[in-house]
Amino acid sequence: GLENYRRIFTDPDFWDAVQFSVVFALGGVILSYGIGLGLALLLVRDIPLRGFLRGGFIVPWVIPPIVGMTAWRWMMQDERGAVNQLIMFFGGEPIYFFNDPTWTVIATIIAKAWRSFPFMLVSLMATLQSLDATLLEAADIDGASPWQRFWHVTFPQILPMSSILWVLMTIWSVNDYETPFLLTNNSASARNLMVYSFQEAIFRNLGTGSASAVVTLIVLGVLAYFMLKLQKKAEDLA
C-alpha cells in the first residue's frame, strides 16, 4: 500500500535516480536538439551529397539499441577505446568514462544524443521546408544578418514544433531503459527512474518497485499532458 511509497521517498537511491533522470533528460534534449537543428539548417540547403548525408544521419535512429550502446561502450573503454586513442593522439590524457561518476553521466548523455538527434533532424527539416520564404527574403532586403534572420524570423516559426520535440524527447529520456543500462552495464551512477524501478522490483522488493513505476507513470503523464497542449497550440498557430 502507501507504505511502499513512503519507503521509496525515503530511499536515497530513488532520489539519485530522480536527479540522474533530470540531468539525463535535459542534457540529452539540449544536445540532440542542438545537433539536429544545426544539421537541419545545413541540409535544407542545396549542398553536394545532400541526399546521401540525409540518409546517413538517420542510421543512429534505426540501429538496435543493444548494437549501438555496445559499440559506444567499446569506443569509450579505457586506453584501448577509440575515443581515448583519439584523445591521446592529440596529446591528451585518457578519460576513464565508466570509473568516474561525472564522466559516466556525460558519456550516457552523449550516447543518448547520438541516438536521438536523427529524430530531431528529420522533424526540424520538415518544419524548415514548410516555412514562408517571403519572410526571410524581406529580412534579407532589410539588411538583417544571418543570425538576425535565424533568431527573429526562422526560430519563432519553428518554436511551436521545437517545444513539442523538447517535451517528447524528455518523455523518451525519462522512459529510456536501454541507453543507461546497456552503456554503463547498470552502473549505480547512471540509473534513471526506469532502471531504478526494474532493479527495485526484480532484485529487492516488488512493492516498492511497483510504487516507483507508478510515480514514473505519473511524471510521464504530466509531460504527455503538456505535450498535447503544446501540440494543440501549434495546430492553432498553423
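**Figure 1. Aromatic cluster in the predicted model.** F9, F14, W15 and Y196 form one aromatic cluster. The coordinates come from a predicted model.

**Figure 2. Aromatic pair F89–F90.** The structure holds 21 aromatic pairs. One of them joins F89 and F90 in an edge-to-face arrangement. F89 has a relative accessible area of 67%, so F89 is exposed. F90 is also listed as exposed, at 64% relative accessibility.

**Figure 3. Aromatic pair Y177–F198.** Y177 and F198 pair edge-to-face, 5.4 Å centre to centre. The angle between their planes is 70°. This pair links distant parts of the chain, 21 residues apart. Y177 sits in the loop between α9 (146-174) and α10 (178-184). F198 belongs to helix α11 (residues 193-204). Y177 is partly exposed because its relative accessible area is 22%. F198 is partly exposed too, at 34% relative accessibility.

**Figure 4. Charge over a ring: R73 and F98.** The charged end of R73 sits over the ring of F98. Its distance from the ring centre is 4.9 Å.

**Figure 5. Surroundings of N4.** N4 is placed in helix α1 (residues 2-9). Its relative accessible area is 14%, so N4 is buried. Leaving aside residues up to four places away in sequence, N4 touches N205, G207, T208 and A211.

**Figure 6. Largest pocket.** The volume of the largest pocket is about 420 Å³. Its lining has 13 residues. Closest to the centre are L41, V44, L128, L136 and T154. Helices α7 (101-129), α8 (133-141) and α9 each supply at least two lining residues. α9 gives the most, with four residues. By type, the lining of the largest pocket holds eight nonpolar, two polar and three charged residues.

**Figure 7. Second largest pocket.** The second largest pocket has a volume of about 270 Å³. It is lined by 14 residues. V18, S21, V22, V174 and V219 lie nearest its centre. At least two lining residues come from each of α2 (12-43), α9 and α12 (206-237). α2 has the largest share, eight residues. The lining of the second largest pocket divides into 12 nonpolar and two polar residues, with no charged ones.

Note on methods: Residues numbered from 1 in each chain as written. Predicted model: local features only at pLDDT ≥ 70, side-chain atom pairs only at ≥ 80, totals over all residues. Heavy atoms only, no water. Phe/Tyr/Trp six-rings, centres within 6.5 Å; stacked < 30°, edge-to-face > 60°. Buried < 20%, exposed > 50% of the residue type's maximum accessible area, 1.4 Å probe, protein only. Lys NZ or Arg CZ within 6 Å of the ring centre and 35° of its normal. Contact = heavy atoms within 4.5 Å. 1 Å grid on protein atoms, 1.4 Å probe; cavity = no way out; pocket = protein on both sides within 12 Å on 5 of 7 lines; lining within 4 Å. Points joined across faces, edges and corners; volume = space filled by probe spheres on them. Nonpolar A, V, L, I, M, F, W, Y, C, P; charged D, E, K, R; others polar.
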